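This briefing presents selected structural features in groups by topic. Please consult the sequence and the structure shown here before reading on.

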Amino acid sequence: MSAMVPGTPRSLLFVPAGDERLLAKAQLRGADGLILDLEDAVPPSGKAAARRALPGHVDRLAGANQYVVVRTGSVREEWERDLRAALRPGLRAVMLPKTERPEQLSDLSSFIGELERQRGLPVGAVGMIALIESPAALFALPALAAADRVCALAFGSEDFALALGVAPTPSALTEPCRWIALAASAAGIGSFALPYSLAVLDRPDELTDAARQARALGVTGALCVHPRQVAAVHAAWAPEAAEIAWARRVSAAWDSAGSGGAPPGAIRVDGRMVDAPVLRRARDLLSSAPAGEHPDDTAPGGPR
């Protein structure tokens, strides 16, 4: 199972930047972070008004300790206008749609830096999330993940499937999720990807299964387009009782084996070899467990 990149949300919920009613309740939806969406969720006729209102929403949500992201338009003339409205204290990251080339991210990063300097903000404080929405982007993933300011890669499953000319099924989306997880992990950043269509809103069990599959691939979180998806995503990334019990047994056995002096090179727990990488995985699981959780240490099984 993947370990969460420190500081990376499990869930990012899209909220239309032009919908005052939804924005007023956004912080109550339970998501780890909110994406104020200026791209697809706002019609062209409403973008100017959404930009005018955006500073107040960023200030209010950041003041409530929300992890705030803004998704901009994909072309420069759009994202320049969007960023002039969005970039202010409390903004955590900017999501760039249709990212395919590192030059796109370099241009965006430079513009963000200019605004940070003009507005007296710490240079580098605002991160970037590259939204992967085409097969072409997969072949640039290492460079995209390593670009300055990039804190996560994200997967747009519907647009990706459309570009590929297929339905957004797990068989079509699992391999892109794997590539995104690998590139993000290699760069030490977060990843948001599901081998599933986010347009499906009424099958939470399927969504949780897809999220568990993504977690097993090394993905660190997921995008959500509706509040009812948040709980399913969180359930998938929460360590299960059997996993935590296994991790406790491993950690305790390792500490016991090393109590006489030199740490062990390897030990045996539940009929399996435990060496330094396995110990690290166990302790990562324990660090991600909810505070105060004390599962039965005799629970069977281990990480799946």
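In which sense do strands β5 and β6 pair, and over how many bridges? Strand β5 (residues 127–132) and β6 pair in the parallel sense over five bridges. This is a predicted model, in which local features need pLDDT of at least 70 and side-chain atom pairs count only at pLDDT 80 or more, while totals for chains, interfaces and linings use all residues. Residues are numbered from 1 along each chain as its sequence is written, and side-chain values use heavy atoms, with hydrogens and water left out.

- Helices (H or I, at least four residues) and strands (E, at least two) are DSSP runs, numbered from the N terminus; two strands pair if DSSP finds at least two bridges between them.
- Five of the six residues of strand β6 (residues 150–155) are buried, so the strand is largely enclosed by the rest of the structure. Here buried means under 20% relative accessible area, exposed means over 50%, and partly exposed lies in between (1.4 Å probe, protein chains only).
- Strand β7 (residues 190–192) runs parallel to β6 and is joined to it by three bridges.
- A154 in β6 is the bridge partner of L131, and A154 also stands opposite F192 in β7.

**Cysteines**

- How many disulfides does a search of the whole structure find? The search finds zero, a disulfide being a pair of cysteine sulfur atoms within 2.5 Å.
- For C151, the closest cysteine sulfur belongs to C224 and is 17 Å away, which is too far for a bond. C151 is partly exposed, its relative accessible area being 26%.
- For C224, the closest cysteine sulfur is that of C177, at 14 Å, again too far for a bond. C224 counts as buried, at 0% relative accessibility.

**Salt bridges**

- Side chains of opposite charge can pair when their charged atoms come close. A salt bridge is defined as a side-chain nitrogen of Lys or Arg within 4 Å of a carboxyl oxygen of Asp or Glu, and by this rule the count comes to 17.
- E116 and R149 meet through their side chains in a salt bridge, with an N to O distance of 2.6 Å. This pair links distant parts of the chain, 33 residues apart: E116 is in helix α4 (residues 102–118), and R149 is in the loop between α6 (141–146) and β6.
- D202 forms a salt bridge with R203, in which the closest N and O atoms are 3.9 Å apart. D202 counts as exposed at 60% relative accessibility, whereas R203 is partly exposed with a relative accessible area of 44%.
- R212 and D209 form a salt bridge between their side chains at 4.0 Å, N to O. Both residues lie in helix α9 (residues 204–217), three residues apart, which is about one turn of the helix. R212 is partly exposed, with a relative accessible area of 36%, and D209 is partly exposed as well, at 48%.
- A network of salt bridges links D37, E39, D40, R71 and K98.

**Packing of helices α3 and α4**

- Two packed helices are described by the angle between their axes and the distance between the axes. The axes are lines fitted to C-alpha atoms, for helices over the stretch in contact, and angles run from 0 to 180 degrees between N-to-C directions.
- Helix α3 (residues 76–86) packs with α4 at an angle of about 30°, and their axes are 11 Å apart.
- α3 and α4 are therefore roughly parallel to each other, given that angles under 35 degrees count as roughly parallel, over 145 as roughly antiparallel, 65 to 115 as roughly perpendicular and the rest as oblique.
- The crossing of α3 and α4 is right-handed; a crossing is right-handed if the near helix is turned clockwise from the far one by less than a right angle, and left-handed if anticlockwise.

**Positive phi values**

- Most residues other than glycine have a negative phi.
- N65 is not a glycine, yet has a positive phi of about 65°. N65 lies in the loop between α2 (47–63) and β3 (67–71) and is exposed, with a relative accessible area of 72%.
- K98, also a residue other than glycine, has a positive phi near 55°. K98 lies in the loop between β4 (91–96) and α4, and counts as partly exposed at 37% relative accessibility. K98 is also one of the residues in the salt-bridge network described above.
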